[in-house]
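Hi everyone, thanks for coming along. I'd like to walk you through one structure this morning, starting with charged side chains and ending with a sheet. Let me put it up on the screen.

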Amino acid sequence: MSLVTSQSVHRALVNAPQDVVFDLIADMEEQRRIFQSVIHTAQLGRDDAGDRVERWSWIRPLDAVRSWRARRELDRSAGRITFAHENPPAPLTAVSGEWQFTAQPAGATLVELRHEYAFDDGAPDGKETVELLDRGSAAQLNQLSDFVEAKADIDELQVSYESELLINEPIEDVYTYFSDASRWNERIPHCLGATLKEETPNLQVVTMDVQVPSGAVHTTKQARVCFPNEKIIWRQLEGLPPLDDALYGYMLFTQAAEGVLVRTGQTELLKRNGVAKRGWTVAEAKHHVAEVRGGRNLDSLKSAQEYLSRRRA
């Protein structure tokens, strides 16, 4: 058997200055806003030359959550970010590449995303895996361009809010109440049914049927990254509320002397036409969403408190 290498390059003209586009890709926190499949990102370390990062994404063709860790070298003066994956997805044995940002006339930037893949020629799915990642690269450039074009609107229409509750129960029980989605229909009043797909431990895809206040049944799908007894990070993939273009959030579990402090937060990207149809200003829509949906989040926390209290009794 021998090693097969494959290279790809994708290009897009992005209507923003070079430094601005460089910063968007360099900042891992921005990637959940830019790329529609990204659930969570983390910076694992940093030095003068670059950093180590991890990103968790939903892979649509597999309907599964996958993560990659990479070492990145950030060269602002050259307009370049290079990367090498530490955990290339099987059957690949190596994945590396670079983002190149080149200033263009009228304040635009030519963005090039290059990849080099390696796999054993005996691997049955090597070419298919490369093709899957290559399609993902093309989609990323399209989404980056779209995000830059709409960034002013996105900044205005994005709303975040948080609820919290102190639950006097063991942290393991509180965490499990929310992490074990297969039992939500037994525990959460408005949940009529839930299906949990977890091919890799703690990386979940959850499909749930819920009954909304009007009595209608609504089906949602979300991808989740779970850190036992610490946090759950999620992104809604399907069944978004009618007012939303994007919805993602988190739950944090913190041990305190009096119990477990659970904080749940969400970020929503509102639709401008949806806001207008309701006759609201953007500020009024943000207030409504934060008040109503934040209240529902608090109700979910109270349902956990009540369920665990009844079980203990």
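Before we look at any residue, a word on exposure: buried means under 20% relative accessible area, exposed means over 50%, and partly exposed is in between, with a 1.4 Å probe and protein chains only. Please keep in mind that this is a predicted model, where local features need pLDDT of at least 70 and side-chain atom pairs count only at pLDDT 80 or more, while totals for chains, interfaces and linings use all residues. Residues are numbered from 1 along each chain as its sequence is written, and side-chain values use heavy atoms, with hydrogens and water left out.

Let's begin with salt bridges, meaning a side-chain nitrogen of Lys or Arg within 4 Å of a carboxyl oxygen of Asp or Glu. How many does a search of the whole structure find? The search gives 25. One of them joins Arg69 and Glu86, at 3.8 Å from N to O. Arg69 sits in strand S4 (residues 64-75) and Glu86 in the loop between strand S5 (80-85) and strand S6 (92-103), so this pair ties together parts that are 17 residues apart in sequence. When I say helix or strand, I mean DSSP runs numbered from the N terminus: helices are H or I with at least four residues, strands are E with at least two. Arg69 is partly exposed at 27% relative accessible area, and Glu86 is partly exposed too, at 37%.

Another salt bridge links Glu98 and Arg80, at 3.8 Å from N to O. Glu98 belongs to strand S6 and Arg80 to strand S5, so the pair connects parts 18 residues apart in sequence. There is also a network, in which salt bridges with shared partners join Asp63, Arg66, Lys197, Glu199 and Lys221.

Now for the sheet. It is open, has seven strands in the order S8-S14-S13-S12-S11-S10-S9, and its pairing is antiparallel; two strands pair if DSSP finds at least two bridges between them. Which strands are at the edges? Those are S8 (158-167) and S9 (191-200), each pairing on one side only. Strands S13 (residues 244-256) and S14 (residues 259-270) pair over 12 bridges, and Gln255 has Val260 in S14 as its bridge partner.

Finally, helix H3 (residues 126-157) lies across S8 and S14, running at about 35 degrees to S8. Such angles run from 0 to 180 degrees between N-to-C directions, using axes fitted to C-alpha atoms, for helices over the stretch in contact, where contact means heavy atoms within 4.5 Å.
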